[in-house]
Amino acid sequence: MQNNEGMLVLFSGPSGVGKDTVLDIILDKDERLQRSVSLTTREKRCGEVDGEDYYFVTKDEFHTMIQNGQVLEYAQYGENIYGTPKAPVDKWLKEGKTVILKIEVKGAQKIREIYPDAVSIFLMPPSMKVLEERIRIRGTEDEADIERRLEIAKNEVMRSADYDFVVVNDNLETASNNVLGIIKALNFTYKRMNKKISEVIENV
Ligand code: 5GP
């Protein structure tokens, strides 16, 4: 038996490491998981759908939302801004969902300050060489953007020490199972089972 309180999971890792693919796999396997759709000012990639992969907005629209208090956190990444819409996250947490934020390292740090109970998972590439190959094979960025992403990736890998869990993505199925296993286990920490334990103890 799990408790009904929502949980926030921060899911980070360098560009190209496979965060979206892992997320797609685990979301299919567990209906309690809710993926937060972020705002971004970057161009839509081929195959991406507005409202599913991201909300694609202009810089002006983004700044208006920030001023109106509609953005939980945001961060500059390369040339663009990315951020988490606030209202849906609050709603899902109230509903008891496990909300997963795909987020870069600075945004994750801001969320930890707002929600100290948030749990963080870092998806690590097997090596920087493999990461570079994956970004190049994906073929969605030009050379300048690839170089920028690899530079950011080095810094992000160093920041993995800030995370509660680190999963290496050398095999998609194993990595997905490991991420899902961590999330499932988190439902059974003493802190999250406290209410249930008190009920049992009251009736001893
Ligand atoms: P991409 O352009 O590859 O989709 O994403 C670039 C980076 O932005 C990734 O590291 C991704 O995790 C991060 N990102 C995506 N959504 C958000 C968000 O809502 N907030 C923050 N801070 N970073 C995000």
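## Cavity and ligand site

Arg35, Ser36, Val37, Ser38, Asp53, Tyr54 and Lys102 line the largest cavity; on a 1 Å grid over the protein atoms alone, a cavity is a set of points where a 1.4 Å probe fits but cannot get out, and lining residues have an atom within 4 Å of a point. This is a predicted model, in which local features need pLDDT of at least 70, side-chain atom pairs count only at pLDDT 80 or more, and totals for chains, interfaces and linings use all residues. Residues are numbered from 1 along each chain as its sequence is written, and side-chain values use heavy atoms, with hydrogens and water left out.

The lining of the largest cavity has two nonpolar, two polar and three charged residues. Here Ala, Val, Leu, Ile, Met, Phe, Trp, Tyr, Cys and Pro count as nonpolar, Asp, Glu, Lys and Arg as charged, and the others, Gly among them, as polar.

Now to the ligand. Around it are 17 residues, the closest being Ser38, Arg42, Tyr54, Tyr82 and Glu104; a residue counts if one of its heavy atoms lies within 4 Å. This shell divides into five nonpolar, four polar and eight charged residues.

Taken alone, the ligand exposes 510 Å², and the protein buries 98% of that (Shrake-Rupley method, 1.4 Å probe).

Notes: On a 1 Å grid over the protein atoms alone, a cavity is a set of points where a 1.4 Å probe fits but cannot get out, and a pocket is an open set with protein on both sides within 12 Å along at least five of seven lines; lining residues have an atom within 4 Å of a point.
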